[in-house]
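Hello,

Here is the structure for you to look over. My notes follow below it.

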Amino acid sequence: MHGVFVLTNEEASPPPPLSPRHRRHHLLPLPPLPPPLLLLHLFLSSPSPFPSPPPPRMPRHPLPLRMPLLPLPLPLLPATTALLLSSAISAAATSAASAAAAAASAAAAAAAPVPCLPHLSLASLRLSAAAAAPSLRGARALSAAALVYLHDCSSLLRRLNSSDEAVSVSAAAALTSNALALDAVSAAPDRGSGRFVIHIKAGIYEENVLVPFEKTNLVFAGDGMGATVVTGARHAQMPGLTTYDTATVAVLADGFRARGLTFENAAGPGAHQAVAFRSDSDMSVLEHVEFRGHQDTLYARSLRQLYRRCRISGTVDFIFGNAAAVFDSCLIEVVPRLENPEKGERNAVTAHGRTDPSQPTGFVFYNCTVTGSAEYLELYRKKPRVHRVYLGRPWKEYSRTVFVRCYFGEVVRPEGWLPWRGDFALKTLFYGEYGSLGPGANASARVEWSSQIEEEHLGVYSPENFIQGDEWISSLQIFRRGSVIVLFQWPSLEFAFLACILSHSNWPFCFSLRRQKLCKYVVILSCTFHHLACATSLANSCKLSTFQLQS
């Protein structure tokens, strides 16, 4: 740990008022995809050099997974393949940098900055990192993120070319205030290898915070959800701002951690897109964090992310993006739209935005609860037919979302999933469930273009495989059979072996532990993560000498 920065709410100051400068802009040509990026795309889409798992036996659409994620040892790539990958990524990085320079020149000629320059710059940085990645899986994750940024840049230029006005980049940047964003974050070392902790004391901080790319391994530690609140009010209806620009807290640096605080966008339901938290941080972990907003609350934009025991609230598409994100034991609440709420609405919890089948991205929810807030439940119970909640809809063509052993409240519709527009993406998306519980879990009534996942394919979506969590998440909770792993000091080896047989259906596993004399230390209890009292009760009844829950 390199340092600790303590911030109190006395130091916080309100953000300066928005004063955008409008201008007529020249039509900017769309930059063509450089040939090296086409080569990179072909590499990502090519068959993997090591064996893939058998496709799942699904009723309609097979699992659209183009890269194996099973825990197999990575063999060495052939020299020609490795050279091709290195050359493609290096050349793509150079081309992205050249594109950024060309765009900068065009901007200078137009006497105004190009809004998508940050996206091009970030794509170049990610491609450079992919070239130096220690593993193929890491290189794929970083390269897929670069494609996200290039796609967003292209979309932004199309939007600017079809509109009459644009706001300068400096106007949006001026919305970042000074206490947390400039003082505390700036105090962190650039590209630090150790954790730098910013303790944000209880209070309300009205500002917009950006964690730059170079501020790696930063930790935001608050005094609890609802006690430490970072809030803003940007929204996409402000002149010149896009959804990307509205985030109250935005993180570009890798290795970000946060715990015990609330990120909020208080723009309100009438403001439409208004992001509370946006993350492009690879290998980030947020635990006991609350995200409050309405439409587009949590923007998990790219790379590998873990959300553990968080609370996420919103209305429309309030968990969206193109990250590979795992949500563990989170509470997901739909809140009322305050504009004529009695008339009803259609709310989709998720909107995943995978644009290419080669991208190893998706949203995976383990042991989560999807329900409505107390206010929403009151409205729903008066007119249940007009208040409709769906698990997700496809923002992009290859959208992928999976719920494993989740509890769905009464507000979730029997059909489960909502189309985006007509039959868009219905043949290319993958929406799956396994072991759903609660009144909103109705497998027989789900739409025909969703799937019920077979148990043997769950390993594809484990944190170890889907986000390579065993490489970077400390004390990783293993999500298997709805169980928790409990470490015990058993009185004897034979007693532990018997407990293993009684509590775990994999008998060869127990015999293996017995042969290795490890069974006295580990046993898996059949208790769900939400019912820890079960594990505690068993531990007490057996009079175990040690009881420790790994989390």
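Predicted model: local features only at pLDDT ≥ 70, side-chain atom pairs only at ≥ 80, totals over all residues.

Is β8 buried or exposed? Five of the five residues in this strand (residues 228-232) are buried, so β8 is largely enclosed by the rest of the structure. T228, V230 and G232 point one way from the strand. V229 and T231 point the other way. In a regular strand the side chains alternate between the two faces of the sheet.

Next, helix α7 (residues 374-382). Y376, L377, L379 and Y380 are buried. They span an arc of only 165 degrees around the axis, which puts them on the same side of α7. A374, R381 and K382 are exposed on the other side of α7. The cover over the buried residues of α7 includes β18 (331-334), β19 (345-352), β21 (369-372) and β22 (387-392).

Last, the cores. The largest nonpolar core has 58 residues. F220, F263, F277, F291, Y307, I319 and F327 touch the most other members. Leaving out residues up to four places away in sequence, I319 touches L298, I312, F327, I332, V349, T350, A351, F363 and F365. A second, separate core has 19 residues, among them C116, A130, V148 and L157.

Best wishes

Key: Residues numbered from 1 in each chain as written. Heavy atoms only, no water. Core = buried A, V, L, I, M, F, W, Y, C linked by side-chain atoms within 4.5 Å. Buried < 20%, exposed > 50% of the residue type's maximum accessible area, 1.4 Å probe, protein only. Contact = heavy atoms within 4.5 Å. Helix = DSSP H or I, 4+ residues; strand = E, 2+ residues; numbered from the N terminus. Arc of directions from axis to C-beta.
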